[in-house]
Amino acid sequence: MDRGLILDVKDVSFRYAGAARDALAGVSLAVSSGEFVALLGPNGSGKTTLVRVALGLHAPWTGSAAVLGRPAGEWPRQALARIVGVVPQREDNLFPQRVRETVRLGRYPHLGAWTAERAEDRAAVERALERCDVVALADRWLWALSGGEYQRVRIARALAQEPQLLVLDEPTASLDLRHEMELFELVRGLVDGQGLAAVLVTHDVNLAARFADRLVLLADGVVRAAGSPADVLRRDVAEAVFGWPLTISSVDDRPQITPLRRHT
Amino acid sequence: MKWLGLILALLASLLAAIVLGPASVPAGELLHSPIFWELRLPRALLGVLVGGSLGVAGASLQSLVRNPLADPFLLGLSGGAGLGAVSAIALHLGGAWTLPLAAFAGALLALGLVFRLGLVAGSVLDPRVLLLGGVAVGAFCGAVTTAIVTLAEASELRNAFLWLWGGLSGASWQTVTLMAVYVPVPLVVLLAAARPLDLLTLGEEPARHLGADVLATRRRVYLAASLLTAAAVAVTGVIGFVGLIVPHLGRALFGGRHRVLLPASFLAGGILLVLADTLARTAVAPRELPVGIVTALVGVPLFVLLLRRWTAD
C-alpha cells in the first residue's frame, strides 16, 4: 500500500435493487492525502453511487472499497466518521438549528454516549468555523444563511470531524460565481495547507480542471477517463461523454471546455 | 438558571397538587392526614412519572419519525391499550390490577405489530412505514374498541369512556413504585441514544456520515419510547397532548440537543401533567374531569401559540 493512500476503490460494480443496468461497472478510484480529486460526469453517471460505495453505505457487488486498508463496510460508522468527513448533497434539518450547534455535531464521532464535550472539542469547532470563515455567522440560524454561507458551514461541520479525507457531493450546485470560486479556493487551501485528501463531485468541469489535481470522468457507471485535467478533458472524450459538441481552450495551463451552439 | 427554574416549577406544581383538592385539609394537619399520604402524594408522584415518560417518549419519537407532529400515541399504542382495557371491562375483569395489565398487554401487542410492519426487507426499520403501520393498527384497534363499547352496558360504558380519556385516580404507592422501577430503564436507553438522535434530525445519510448507527438507533429508540408509553397508558389511560407539546416547549427553552432536551422534557412533562391533574380534581369538585380533557384544553392553545411563534419567525 503506498504511503498516504486513504481511499482505495478497486474494480467496483454495483446495481441498485430492481434496476435494469449497473450503476457502476468496474470502477476504480484511489485518493491519497494532499490530493484533490474531482468526480465529473453527466447526471446519472454514477458519481454519488461511487461515493456511497466508497464509504460503505452500499456494499459493492464485485470488487472492493477500502478506507485506510480496511473494507469500507467493515468500519464501525463512528470510527469511519473520524477518518472521512462528508458534505452530502442533501440534508434537511427537522428543527431550526444555529450554525455553531450544527458544527458541534461534527465532534460526535469523537464522543462516547456518556462523555461530555471536552475543551478540545470546543477548540476543534472554533477552528473549523475559522477555517471556513463563518465565525461571524456562528450564532445565526441555518435557515437565515445564503446558499454559499450554508455550504461553508456544512464544510466546517465536516472539518470539525478532523478527517483525513473530505468528500463533497455537488457543493456548488446553486451557488453564484463568487461563492463557487470561494468554495473551490477553500477546498484547495485545505488540501494544500492541511494535507487533507479531497474528493469533490461536481458539474462544474472548468473549475474542477482549474483546481483539482486529478479528474475522474464517469459515464454510464464506467470511468471514461482519469488522470490530470489535460489528459482527461480531450475533445473527443468530453463530447462523447456529455453528448454535445465542444471546443477546448486553456486558462492557467488548464483545459477549459466551452459547449458550442448547434444552430447559429 | 433554566434548569433551576424547571426544578422549582416542578416543586411548586407538586406543592400545589398536595395542598389543593376537593377535601380541605388544614395546612398544619396535612402531614398527618391519610388524604396527603394515601391519595395526593402518590397521585402527584405518579403524575410526574407518567407526564415525564410521555414528554420523553414524544421528544424521541418526533426525531425518530422525523415529524414534529408525532406524539407517543401516534404509533398505535393508545389504540392497542384502549382495546386491551375495554376488552377487560367488557369481560368484567376491570379490577385494580387486571385493567392496567390488559391495557399494557394490548399496547405491547400493538407495539409488536407496528414494529413488525415497520421492518422493511427483514431488518430495516423505516420510519415512514412505521408511521403508516402505527396509524393503521391504531385505527383498527379503535374500530374494535368502539364496537365493544357500543355493545356494552351503560355502567361499563362510563368506565370505559373515563379510562379512554385518561386519569390519575388509580394512583397508589404500588403503581408509583412500579413505575419508579420500570421507567428508568427505557429512559437510560433513550439518553444513551441522545447523540445519534441529534444526528437523525439531519436525515439518514448525513447521520450515517457523522457516525450514527442509524438502524440500531431506530430500533432502540422505537422500542424504548414505546415501552415508556405502554406503561404510562396502562396505569393512566390515554393522556393526550403532553407528549406533543412538551418536546416543543423543551426545544424552545433548551434547544434541540437531546442530551438536554430529553431530561428537560421529562421535567416539563411532569410539571404539565401534575398541574393539569390538579385542575382536573379541583375545577368541578367534588366531581373530577378526565385529565386528558384538561391537557387538551391547556395543550391546544399552548400549541397554537407555539405555531404562531414559528410562523412569525
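Predicted model: local features only at pLDDT ≥ 70, side-chain atom pairs only at ≥ 80, totals over all residues.
Residues are numbered from 1 along each chain as its sequence is written, with chains lettered from A and ligands numbered from 1 in the order in which they are written.

Helix H8 of chain B spans residues 184-192, and its buried residues are Pro186(B), Leu190(B) and Leu191(B). These fall within an arc of 140 degrees seen down the axis of H8(B), so they line one face of the helix; the arc is taken over directions from the helix axis to the C-beta atoms. Their cover includes helices H2 (34-64), H9 (194-200), H11 (214-236) and H13 (258-282) of chain B. Of the 23 residues in H11(B), 18 are buried, which leaves this helix mostly covered. Just beyond H11(B), Gly237(B) adopts a positive phi of about 80 degrees.

Turning to chain A, four strands form an open sheet in the order E2-E1-E4-E5, with antiparallel pairing; pairing requires at least two DSSP bridges between strands. Strands E2 (24-32) and E5 (70-71) of chain A are the edges, each pairing on one side only. Two bridges connect strand E4 (residues 62-67) of chain A with E5(A), and Val67(A) stands opposite Arg70(A) in E5(A).

Note on methods:
Buried ≥ 20, exposed ≤ 12 C-beta atoms within 10 Å, placed from the backbone. Contact = placed C-beta atoms within 7 Å.
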